[in-house]
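Please look through the sequence and the 3D structure below.

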Amino acid sequence: MENIAILGSTGSIGQSSLEVIDKLNNRFRVVGLAAGRNTQMLEKQIEKFKPKIVSLKKKEEAEEFRRKFKDRSLHVTFSEKGAEEVAEFEENDIVVSAITGIDGLRPTLAALETGKKIALANKESMVAAGSLIQNLVEKSGAQIIPVDSEHSGIFQCLAKERVDNVKRVILTASGGPFFRSSSQEMEEITLDDALNHPRWKMGKKVTIDSATLMNKGLELIEAHWLFNIEPAKLEVLIHPQSIVHSLVEMNDGSVLAQLSPTDMKVPIQYALTYPEREDSSLPSLDLSQIKSLEFFEPDVEKFPLLKLARQALEEGASFPIVLNAANEIAVSAFLQTEIGFLDIAEIVSKAVENHPQREVQNLEDIFSVDRETRQMTRNLIERRS
Ligand SMILES: NC(=O)c1ccc[n+]([C@@H]2O[C@H](COP(=O)([O-])OP(=O)(O)OC[C@H]3O[C@@H](n4cnc5c(N)ncnc54)[C@H](OP(=O)(O)O)[C@@H]3O)[C@@H](O)[C@H]2O)c1
């Protein structure tokens, strides 16, 4: 039996991970859970999975949990340091990294330091700190198995291949809810429209990123660092059916593809059980029922954040950190209906324009650029109102 800790256990990936673990009866034991503010759900997860260590965001909530669970041998901790403690808990064999945004970076690094297996969903960490993570993996011997469906697909296609034999890698995107919308319709998008993803049920931040196609931009950067593929070989195609998750073209013209039902439990289970494969109990893909698989070029004029992310990938240095931080602030403002849907791209582009690019050497540099960008983006938003 392998021991698992889940960072972001109350979120969409966290809950799906626990469902997978529950189904795979007795293969895994949950030893650690790190959540944010959803105390009700964390309480239920503690009752069901009986972890040894849990972490919450706020001190007061952690104190209440200590009182509530005082008869159990449960260590309750809090804040970013608490999530790091869960990540580096000595009994862990596998850590699922699924906290949203840059808040997941330090806990992810703490898990990587231990040299164990990390099922990585938190793409923002890779975007902001790809080079640092790559160095840490080399040093600690940690193994990253991607959870993102596209990266899980690439990982599977590359399992028996050498990266220098790869001609190009194509990440697919569903296109989100506005793939077929006209420019005029795009101006009238509401929060509910943007949260209504046609294929995937996910947390709010990644759902909005999918609607702006920033998610695919972040994934291009993630793929570069995960697989050591040069930017010019990374491409995106819109594939509304979301059945083919990625394609890898080899030098000889062969194209490998990974197909699976549109359910995050597939890549999550693969990451947890790798290199083995267990029965997922999902219905088999019925291609004769699906009939057609379509592919389209993305419209980067309509979705400018994809173009901006590619530029960040190519230019590197502080650009990806700025892109990510500005996007987190702009998406959060959109979720609070402070700005409109199209304002997200406008604000992120302005933040990038305003930021003088610079080299980043270490974690302090990364957080310093991140903090500056967040403040500058908040100012940009305030100045509009
Ligand atoms: N959902 C998907 O299908 C999917 C697919 C591929 C990749 N991803 C990536 O996976 C990550 C998680 O996505 P999600 O959709 O699961 O997001 P989500 O539903 O919003 O869940 C986020 C989780 O992180 C926790 N959290 C947030 N801020 C925290 C903090 N400061 N400290 C501790 N915990 C914190 C939340 O806790 P509370 O809810 O308790 O506050 C929740 O457990 C993202 O990076 C996303 O891009 C998601």
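Contact here means heavy atoms within 4.5 Å. Helices (H or I, at least four residues) and strands (E, at least two) are DSSP runs, numbered from the N terminus. The model is predicted, so local features need pLDDT of at least 70 and side-chain atom pairs count only at pLDDT 80 or more, while totals for chains, interfaces and linings use all residues. Residues are numbered from 1 along each chain as its sequence is written, and side-chain values use heavy atoms, with hydrogens and water left out.

Two packed helices are described by the angle between their axes and the distance between the axes. Axes are lines fitted to C-alpha atoms, for helices over the stretch in contact, and angles run from 0 to 180 degrees between N-to-C directions. Angles under 35 degrees count as roughly parallel, over 145 as roughly antiparallel, 65 to 115 as roughly perpendicular and the rest as oblique.

Start with helix H14 (residues 304-315) and H16, whose axes come within 9 Å and cross at roughly 25 degrees. H14 and H16 are therefore roughly parallel to each other. On the H14 side, Pro304, Leu305 and Leu308 meet Ile344, Ala345, Val348, Ser349 and Val352 of H16. By class, this contact of H14 with H16 has seven nonpolar residues, one polar and no charged ones. In this sorting, Ala, Val, Leu, Ile, Met, Phe, Trp, Tyr, Cys and Pro count as nonpolar, Asp, Glu, Lys and Arg as charged, and the others, Gly among them, as polar.

Helix H15 (residues 319-335) also packs on helix H16 (residues 341-354): their axes come within 9 Å and cross at roughly 150 degrees. H15 and H16 are therefore roughly antiparallel to each other. Residues of H15 in this contact include Phe319, Val322 and Leu323, and those of H16 include Phe341, Ile344 and Ile347. The contact of H15 with H16 has 13 nonpolar residues, one polar and no charged ones.

Next comes the ligand. It is surrounded by 24 residues, of which the closest are Thr10, Arg37, Asn38, Glu124 and Gly203; a residue is counted if one of its heavy atoms lies within 4 Å. An oxygen atom of the ligand is 2.9 Å from a polar backbone atom of Ser12, and a ligand oxygen atom is 3.3 Å from a polar backbone atom of Gly8.

Two backbone details remain. Tyr274 and Pro275 are joined by a cis peptide bond, with omega about 10 degrees. Pro275 lies in the loop between helix H12 (265-273) and helix H13 (287-290). Asn26, a residue other than glycine, has a positive phi near 70 degrees; Asn26 is found in the loop between helix H1 (12-23) and strand S2 (28-34).

Definitions and conventions. A polar contact is a pair of N or O atoms within 3.5 Å; within protein, one must be able to donate a hydrogen and the other to accept it, and residues adjacent in sequence count only if both atoms are side-chain atoms.
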